[in-house]
Amino acid sequence: MSDRKLPRLLQSPAVLLLLVWMLIPLGMTLYFSFIRYVLNSLRRPEWTSPSLSNWRGFGNYEFVLNSKDFLFAIQNSLFIVCSILFLTVILGVLIAVLINKSFPGQGIVRVLLISPFFVMPAVNAVLWINMILDPVLGLQGIAVANLNDLAAALRDAPVIGWFFALWPQLEPISFRATQTSAYAVIIMVTWQWTPFAVLIFMTSLQSEDQQQKEAAVLDGASSWSQFRFLTLPHLGRPIAIVVMIQAIFHLSLYAEIEIVSRGNGNKNLPYLIGEFANNNIGAASATGIFAVILANIVAIFLLRMVGKTLME
Amino acid sequence: MGRIVLKSVTKSFGDVEVIPPLDLTIEEGEFAVFVGPSGCGKSTLLRMIAGLEDLSSGSIEIDGQDATQVPPAKRGLAMVFQSYALYPHMSVRKNIGFPLRMAKMAPAKVTARVETAAKSLNLMDYLDRKPADLSGGQRQRVAIGRAIVREPAAFLFDEPLSNLDAALRVGMRLEIGELHERLQTTMIYVTHDQVEAMTMANKIVVLRAGVIEQVGSPLELYHRPRNTFVAGFIGSPKMNLISGTQAQKYDAATIGIRPEHIDVSMTEGSWEGYVGVAEHLGSDTFLHVHGSGVSEMITVRISGDISVNQGDTIYLTPQSDQLHRFDAQGTRIP
Ligand SMILES: Nc1ncnc2c1ncn2[C@@H]1O[C@H](COP(=O)(O)OP(=O)(O)O)[C@@H](O)[C@H]1O
Ligand SMILES: [Mg+2]
């Protein structure tokens, strides 16, 4: 046996297991996506069990493509993921740079900052939508009501009264509504995942070379220039990693969407799959295949980007 | 341009006083070397001059102006760090041009200056590389280039050669010496290596625990060390310091004699001993002589042609006009 065969042989069980792990679900999804397969049908009971005789070709795909929610779900998936990425990276960098300076109570602040990451997604969603964003009972509603009361009270005050008289009556925003439910999801997931970004950026900042900073100070670089020309390029790699990991996680958001509005006005591909899977497994599987394709496009795009930063 | 005066400068980190009050003047155009063992405060002193470290008390004057409160960038000093501190994401060109860009110089002028500096440092072929793709010596040159383009009042070097291998170090030593010849700008150079200090300096400042032990030219320090510390620190191999009855013969608590100032004979001399380790350098041989009763070990330098074997009995005679005498406090007796 040559030198190479033995290691290959020893690796093979793991590789096989991974292949089976991946290929069986993918194969079944592909299979279901080409047949008529529903959970309940009084009219056509033969469709309730998967069988090749129910072959539908690309019918399921056509059905999904023509369903009014599909394009919207893809757009919405990308909108939610990109917004979260954008916000978490910006907030993460800002907070990490801020708390990287030493100040009293640093330890506690850091622990508090990390803690949202340990809240379960469903709990996070329930807390945000009911206790913070609710237009009547949540913090938002209370804050808006109080602001309105305050403005009303000050309207009659001497000297400054005219200023408050200019204020309109503030309306609380209902985050369960069709137009706004995506924003609610973005807000709560950003809140939960910013700590992840902060954590990664902070470790990276701590490995930043202090002598480079000092050299830059001597070279006349302002704080902004130091950030722009040294810190930001230094964070390139961790930013790429945060973006990639989060993109993959957030493409499959589900709990938040379910809890905020049950998909009303705010669906993504996983949610659409869930809806189809209430009865129509064929359509759900076809949507799943679309989701796999979308995830791969995003992943290839991101891997290129990360690869480029890693090469530098 | 480039006269630097330190007036009763002190530095403490918390309760620890690293630099007790210290006065020092570095004249315009001088090549001053701060030398001393590790941890004696050389870097701290240099960083205070650069403005990277605040003074605990005292003041610093640069060209007659009080610079104590002046921010680092405004002092007109350029520093070369031990780790080179190049900006890893920028090309060599961008690295060298960075200080000019920060000074908002016109891009065409920046390019011209960068290329002049790169030419003088043999970096023209590497301008578009990143620091990671350069060798240690090239990185060092980029760091020097970044300092040169600013046309500073003085250059500060903090152990710039200690990350290089021995051969490269000798080469860079010469290059920095030539740079000083060419620019005639004040340079302050920090090192723990007395060979670097001896070879490069106009003025050596020997430091121990933040205290200046002696200031002088290399030969002054070699011929007239002010105390036993300087005597032992300057010169290689080290001066033999002998105390006890032998020293008393010369009315001193300690006498010092350099290995190159001892005459060796196989037949007669003042001190008798046997040869321990012999270090052959080719041109010279350093002998460690034991059992003389004078001192546990005496180092002697003899010509490389003389062959001696371990265990040989040998006679040593110090050249009396080259003998250094020190009192009980270790201070030189004139
Ligand atoms: N930022 C600091 N905080 C506390 N102690 C320091 C700091 N920087 C240097 N020291 C101490 O000051 C002394 C001198 O350090 P340094 O100037 O770096 O020595 P050298 O460069 O001569 O080797 C050392 O004992 C070191 O531990
Ligand atoms: Mg040092």
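The legends below describe close-up views of a predicted model.

**View 1. The overall build of chain A.**

**View 2. The interface between chain A and chain B.** Here 16 residues of chain A are in contact with 22 residues of chain B, and the two chains bury about 1700 Å² between them, with 62% of that area on carbon and sulfur atoms. On the chain A side, Leu218(A), Asp219(A) and Phe229(A) supply 40% of the area that this chain buries against chain B, which is more than any other three residues supply.

View 3. The elements that give two or more residues to the side of chain A that touches chain B are α9 (210–218) and α10 (223–234) of chain A, and the largest share, seven residues, comes from α9(A). Sorted by class, this side of chain A has eight nonpolar, five polar and three charged residues.

**View 4. The two domains of chain B.** The domain assignment divides chain B into domain 1 (4–229) and domain 2 (238–326), and the centres of these domains, taken over C-alpha atoms, are separated by 38 Å. Six residues of domain 1 of chain B are in contact with eight residues of domain 2 of chain B. The area buried between the two domains is about 540 Å², and carbon and sulfur atoms give 61% of it. Within domain 1 of chain B, the residues that lose the most area to domain 2 are Tyr222(B), Pro225(B) and Thr228(B), which together make up 81% of what that side buries.

**View 5. Contacts across the domain interface of chain B.** Between domain 1 and domain 2 of chain B there are zero salt bridges, while two residue pairs are in polar contact. Helix α7 (residues 218–223) of chain B gives three residues, the largest share of the side of domain 1 that touches domain 2. The residues of that side of domain 1 divide into three nonpolar, three polar and no charged.

**View 6. Two backbone details in loops of chain B.** Most residues other than glycine have a negative phi, and most peptide bonds are trans. The peptide bond from Ser236(B) to Pro237(B), however, is cis, with omega near -5 degrees, and Pro237(B) has its place in the loop between α8 (228–233) and β11 (240–243) of chain B. Asn122(B), a residue other than glycine, has a positive phi near 60 degrees, and Asn122(B) lies in the loop between α3 (107–120) and α4 (136–148) of chain B.

Notes: Residues are numbered from 1 along each chain as its sequence is written. Chains are lettered from A and ligands numbered from 1 in the order in which they are written. This is a predicted model: local features need pLDDT of at least 70, side-chain atom pairs count only at pLDDT 80 or more; totals for chains, interfaces and linings use all residues. Side-chain values use heavy atoms; hydrogens and water are left out. Domain bounds come from an automatic or database domain assignment. Contact means heavy atoms within 4.5 Å. Buried area is the accessible area (1.4 Å probe) that two parts lose on being put together, summed over both. A salt bridge is a side-chain nitrogen of Lys or Arg within 4 Å of a carboxyl oxygen of Asp or Glu. A polar contact is a pair of N or O atoms within 3.5 Å; within protein, one must be able to donate a hydrogen and the other to accept it, and residues adjacent in sequence count only if both atoms are side-chain atoms. Helices (H or I, at least four residues) and strands (E, at least two) are DSSP runs, numbered from the N terminus. Ala, Val, Leu, Ile, Met, Phe, Trp, Tyr, Cys and Pro count as nonpolar, Asp, Glu, Lys and Arg as charged, and the others, Gly among them, as polar.
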